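Subject: Structure handover

Hi,

Here is the structure for you to look over. My notes on what turned up in it follow directly below.

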Amino acid sequence: MLTDEKLIFLTQVAKALAGQFGENCEIVIHKINEDNVNNTIVSIENGHVSSRQLGDGPSQVVLEALKKDPADLVDHINYLTRTHDGRILKSSTIYFKDKSGGLDGIFAINYDITSLIAAESTLQSLIAIDDKEDTSKEPDYIPQNINELLDDLIEESVKLVGKPVPLMTKDDKVKCIQFLNNKGAFLVTKSGDKVASFFNISKYTLYSYIDAK
């Protein structure tokens, strides 16, 4: 677990970075405790960027990290995410591990570049000589709260299958459930009840789908 000494140091760094780069720069520190993944944020600067605050839950990146072997986690620097209201962030995620190699903390930087993208688009329209299709990957999503994260993951699973729940076969539902499991959705407290209800299956069936080969 993240020590008080390490947390104090990371909090100082967070304040310095937020002060240096201004109100568009959000710095978030997640304390990893697998017994309580609903309230991972222990420090946040400029939380208005993603509308989060102390005590809020993890992003999808954090949930996925909890599902992986800590030895396989590599810092993810300079990638795009988006907020619940559609703003685009330039993000970096740094993983901190304890002496035994277990994940104990995550330090995240999210810089709102929405206005910069708008400015770039305006300039591009003035200087462009050829239209090019944007084939970039859809940015990862940063939810406002843990319930929104779970809803978003469920929506992703339905898109993966490509048909509404009433038309899904057993195999379709198994595919959705295993997608959610791989994304770490079932680490969220009481997520099993919500997912089972959404797919109109029992909790017993839900667990059997998770283990299905």
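K194 is partly exposed, with a relative accessible area of 31%. (Buried means under 20% relative accessible area, exposed over 50%, and partly exposed in between, with a 1.4 Å probe and protein chains only.) D151 is also partly exposed, at 39%. The two side chains meet in a salt bridge, 2.5 Å from N to O. This pair links distant parts of the chain: K194 lies in helix α6 and D151 in helix α4 (residues 146-161), 43 residues apart.

Some ground rules. This is a predicted model, where local features need pLDDT of at least 70, side-chain atom pairs count only at pLDDT 80 or more, and totals for chains, interfaces and linings use all residues. Residues are numbered from 1 along each chain as its sequence is written, and side-chain values use heavy atoms, with hydrogens and water left out. Helices (H or I, at least four residues) and strands (E, at least two) are DSSP runs, numbered from the N terminus.

Salt bridges

A salt bridge here is a side-chain nitrogen of Lys or Arg within 4 Å of a carboxyl oxygen of Asp or Glu. By that rule the count comes to 10. One of them joins E64 to K183, with the closest N and O atoms 2.8 Å apart. That pair also links distant parts of the chain. E64 sits in helix α2 (residues 60-67), and K183 in the loop between α5 (170-182) and α6 (191-198), 119 residues apart.

R87 and D85 form another, at 3.3 Å from N to O. R87 counts as buried, at 19% relative accessibility. D85 is partly exposed, at 46%. Salt bridges with shared partners join D85, R87 and D112 into one network.

Strands

Two strands pair if DSSP finds at least two bridges between them. Strand β3 (residues 76-82) pairs with strand β4 (residues 88-97) in the antiparallel sense, over five bridges. In this pairing L80 stands opposite K90 in β4. The two strands form a hairpin with five residues between them. G86, in the turn, has a positive phi of about 95 degrees.

β4 also runs antiparallel to strand β5 (residues 103-112), and nine bridges join them. Here F96 stands opposite G105 in β5. β4 and β5 form a hairpin too, with five residues between them. Its turn holds G101, which has a positive phi of about 95 degrees.

Best wishes
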